Amino acid sequence: MATEATFSELQRCIEALRPIAPVPDANVLRRILPEPRALVSRMIAAELIKFDMGIAADLGLMRPIEFYLSALDTILPAEAVPIDLVMEEWKLRREFGEELEWSEMQKRFPHLTDTLAEWLAASRSSPRFPTPKEIPQLALHQKFDDFFVLSLLGKGAFAHVYLAKQESMQRLVALKVSGRQSDEPVALSQLDHRNIVRVFDQRQLSNSQIHLIYMQFVPGGTLADCIERLRGLPRSSWIGRRVLEVIDDQLRRTNQTTPESSAVRDRVASMEWTKFVAWIGIQLAEALQYAHDRSILHRDIKPANILLSMEGVPKLADFNVSYRSCGSSPHAAACFGGSLAYMSPEQLRAADPRYQERAEDLDERSDLFSLGIVLWELWKGTRPWQLKDVAQSWSEAIDQQLALRETEIPTEKDQQDSVSQALEGILRKVLAEDRDKRPRNGSELASRLRLVLNPSLARRFEPHPKSMQSWVQRFPVFWLACIVVYLPNALAARSNYMYNQSRVESLNNAELLSTFQTLSLVVNLVAFPAGAAILYFLCRYANALRIRSRQSDRADSKGIQWIWDLGHRMATIGGLLWFTAGIVFAVVLRVMQPDFHITDSIHFFGSLVVCGGVAWIYPFFGISLICVLYYYPEMIRNSIQDSQFAIRKQRLMRLAGVYLGSAAVIPLVSLALLISTVDTSRFWLLLLIGLTGLGLFASFFAYRKLEKSLADYQSILDPNGANITPFG
């Protein structure tokens, strides 16, 4: 981790320079620099010069770069001056109202001729931001304002954080102390989410430059602590329990009590590592979505800014709402140096004035990219990209990181299980260099990560090429519908024909039998082709909707609903055809054959209703299951989002209840027919009763399968509606 070490040294040097800047003599900088190491010292020297120049400019003193080079020529010779240092002097002098000549800059820094030409051609004016004041130091175990300071929790480039007891509220808080006021508390006070550290309030002490922000104290340490501990352990031992061990160490350090019993801790302790990483990611993605919905970006997501509760629940901290002032100022390296490894490509460019991107151009996908790096590091123990060389300047450090983002993440040769493959696929998508290829928002990322917690459901969205899921999705919709719809209709039609023929034969009327046979032929020749034609056009439109959804980032909501209703449509059409046929048979035979009594017509109609019911119920459940299990995941695969899911689920289960009730009623109707029928037709009616009973059993099984499948989908698409635990 050479890069982090370099920026840690830089922060230490900035802290040493801050109280004495601007220095009277550049030799002071030499004494602040770390032990001579050509590349590291050169980069830190350039950043110290920028920092000192900025403070001098705030005091009305404009210093050229040469003022510093005279004392640092062995560390930072003129021919090695980086472009960002020259740009900083250029901006400061412009703000002083100086007219600058290109020839002067070319003469002073000939090695940057081409680079300066490109930058000056595209340069834009940028505001000047004041250099931060010295960070106040608080004495431990003493009262300060309303707070009794207990211990130092951490140090940053611009603030220190203490554990303190707020006397007026009798509560422990994390007290952030800085020498500058910011808009952070105002922006963050509106965030009230279980996975975001709660900011209580702020205050600027009168007659003092001390600014206080007090917020929720999260005692379990940071995700960075966990990653550091895990790196020293065998991968085979990485489970949730290891995280709890780190948390317990932090609790002891701050004199907190470990919870005696906790369902969440029990679950965390037994979680396999890949699922634990997904669980952490789900909560952080939801927290980001909550913040993004309120137009707040984090901009500094890294393991050190993710705190853990006693139970291992992650909480986002240190939202960088003042990113603009960091990205365009001479202290950008001190502000963002340790975070460069977690920045998205667009954020890296926004942190360097050589590029045209601005902080305002960043969106939620930049935060998701940073979260993806954090989750990868938590999962693997190392970040997806490893930087081998130490940068010689801030600009070079950014360029190195940008170059890494363009390279493909190495693929491990070891065989992974399906859960690990699912997580890797999700993280690779999040870490796409092109932000248009990443998940659109935190909700989508959370939904994808929930699939890791449900491997069987994940296989529906990413099926194996040889799986039943893939086979059904490749099989033509029309022929699949023919099997599911026409097979029960054909069996019901055959059973109905044999039953009614035996009943007509029992009447010993040859003319009636001939009329019945002719009418049956005509009805079937009309009904089956008409049904096939309607079925064909329904399937053709369904296939078009599926193709359209695969080619777009987000499936059309109306198209999804149409697919969900396909089983009901096909069943309704079949039921109407059977109902119509029942009326036709009853009326025509009654009109053409006087011996065919009204009771015979009613009985005849009832038999067609029973058979039609069987042919009505099977297609609904069969097609609905196909659409929900196989077509629906295909349609929302690109987004894993469906804002109307709860409404769809309610509608489909209501319909399924009606069809299940019908399946229960039809055997009763069959029994009524059995009581009134003649002996010669009882065999066929008993067969029909058996078919309706089988239909009831199959309908109940299909109903439960639909119920279970929709509950699975709800766990990823509408978890709040499912009233589930944080574990999904």
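Guide: Patches are made of residues with over 30% relative accessible area and no salt bridge; like charges are joined within 9 Å, and nonpolar side chains (Val, Leu, Ile, Met, Phe, Trp, Tyr) within 5 Å. A salt bridge is a side-chain nitrogen of Lys or Arg within 4 Å of a carboxyl oxygen of Asp or Glu. Accessible areas come from the Shrake-Rupley method with a 1.4 Å probe, and for residues only the protein chains shown count as cover. This is a predicted model, in which local features need pLDDT of at least 70 and side-chain atom pairs count only at pLDDT 80 or more, while totals for chains, interfaces and linings use all residues. Residues are numbered from 1 along each chain as its sequence is written, and side-chain values use heavy atoms, with hydrogens and water left out.

Visitor: Which residues make the nonpolar surface patch?

Guide: F579, I583, V587, V591, M592 and V609 make a nonpolar patch of about 550 Å². Helix α25, residues 566-592, gives the most to this patch, with five residues. Helices (H or I, at least four residues) and strands (E, at least two) are DSSP runs, numbered from the N terminus. An α-helix has 3.6 residues a turn, so residues three or four places apart point the same way.

Visitor: Is F579 buried, partly exposed or exposed, and how is that read?

Guide: Buried means under 20% relative accessible area, exposed over 50%, and partly exposed in between (1.4 Å probe, protein chains only). F579, in helix α25, has a relative accessible area of 44% and so is partly exposed. F537, in helix α23 (residues 510-551), is exposed because its relative accessible area is 53%. The C-alpha atoms of F537 and F478 are 8.8 Å apart, although 59 residues along the chain separate the two.

Visitor: What does T274 contact?

Guide: Contact means heavy atoms within 4.5 Å. Apart from neighbours within four places in sequence, T274 contacts W379, V419, S420, L423 and V452. T274 belongs to helix α12 (residues 273-292) and counts as buried because its relative accessibility is 8%.

Visitor: How many residues of α26 are buried?

Guide: In α26, 31 of the 39 residues are buried, so this helix is largely enclosed by the rest of the structure. Its length can be checked too: the expected span is 1.5 Å times one less than the number of residues. Helix α26 (residues 598-636) should therefore span 57 Å, and its end C-alpha atoms lie 54 Å apart, which agrees. The bend at a residue is the angle between axes fitted to the seven residues ending there and the seven starting there. In α26 there is a kink of about 35 degrees, centred on V628.

Visitor: How many helices and strands does the chain have?

Guide: The chain has 29 helices and eight strands. Of its 728 residues, 55% count as buried. The chain exposes about 32,100 Å², and carbon and sulfur atoms supply 56% of that area.
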